[in-house]
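Me: Hi! I'm new to reading protein structures, could you walk me through this one?

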Amino acid sequence: MSATFTWVIEWMNCKPTEGSYTDVVVNAGWRCDGVQGAYSGASYSSATFPMPEGTFTPYADLTQAQVLGWCWANGVDKTATEAAVQTQIDNQINPPIVQLPLPWAAA
């Protein structure tokens, strides 16, 4: 069984003007949440984008899916991130290290 992953954009920073464009997104904060039953994990960071060339989408028309695509195209490894979140969850299910009570301490 593996986790279900949800990706979200939490914020975007914009350059007010760039040539003839306005409100140009230059970076965005993303988060990947994973849930498997009662267990969960997360990873978050940011991605920086180059100035637009060719087709430009006005800020008001951007979608979360489009900005996530930019993140994945600009250095965010979707597969590795989801694998890291899955490892967090797996380590909760089967902890690789546990803390036992001291053998000389009274129960």
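Me: Let's begin with strand 2 and strand 3: in which sense do they pair, and over how many bridges?
Reply: Strand 2 and strand 3 pair in the antiparallel sense, over 10 bridges. Strands here are DSSP runs of E with at least two residues, helices are runs of H or I with at least four residues, and both are numbered from the N terminus. Two strands count as paired if DSSP finds at least two bridges between them.

Me: Before we go on, where do the coordinates come from?
Reply: This is a predicted model, where local features need pLDDT of at least 70, side-chain atom pairs count only at pLDDT 80 or more, and totals for chains, interfaces and linings use all residues. Residues are numbered from 1 along each chain as its sequence is written, and side-chain values use heavy atoms, with hydrogens and water left out.

Me: How is strand 1 joined to strand 2?
Reply: Strand 1 and strand 2 run antiparallel, joined by 13 bridges. Looking at partners in strand 2, E18 is bridged to Y21 and T4 to V35. This hairpin also has two residues between the strands, and G19 takes a positive phi near 60°.

Me: Which residue has a positive phi although it is not a glycine?
Reply: That is D23, with a positive phi of about 50°. Most residues other than glycine have a negative phi. D23 has its place in strand 2.

Me: What about N27?
Reply: N27 lies in strand 2 too, and at 18% relative accessibility it counts as buried. Leaving out residues up to four places away in sequence, N27 touches W11, M12, N13, A47, T48 and F49. A contact means heavy atoms within 4.5 Å.

Me: Let's zoom out. What is the order of the elements?
Reply: From the N terminus on, they run β-β-β-α-α, which comes to two helices and three strands. The radius of gyration is 20 Å, well over the 13 Å that the globule rule gives for 107 residues, so the protein is more spread out than a compact globule. That radius is taken over C-alpha atoms, and the rule is 2.2 Å times the number of residues to the power 0.38.

Me: What box do the C-alpha atoms fill?
Reply: Roughly 75 × 30 × 20 Å, taken along the principal axes. Of the 107 residues, 24% count as buried.

Me: Now helix 1: which residues are buried there?
Reply: In helix 1 (residues 64-73), they are V67, L68 and C71. Seen down the helix axis, the buried residues fall within an arc of 105°, so they line one face of helix 1. The arc is that of the directions from the helix axis to the C-beta atoms. The face turned away from the buried side carries the exposed residues A65 and A73.

Me: What do the buried residues of helix 1 pack against?
Reply: They pack against strand 1 (4-18), strand 2 (21-36) and strand 3 (39-48). As one example, C71 touches I9, W30, A47, F49 and V76, not counting residues up to four places away in sequence.

Me: Which residues in the largest nonpolar core touch the most other members?
Reply: Of its 16 residues, those are I9, W30, F49 and C71. Strand 1, strand 2, helix 1 and helix 2 (78-93) each supply at least two residues of this core, and strand 2 gives the most, with four. A nonpolar core is a set of buried Ala, Val, Leu, Ile, Met, Phe, Trp, Tyr and Cys residues joined through side-chain atoms within 4.5 Å.

How values were computed:
Buried < 20%, exposed > 50% of the residue type's maximum accessible area, 1.4 Å probe, protein only.
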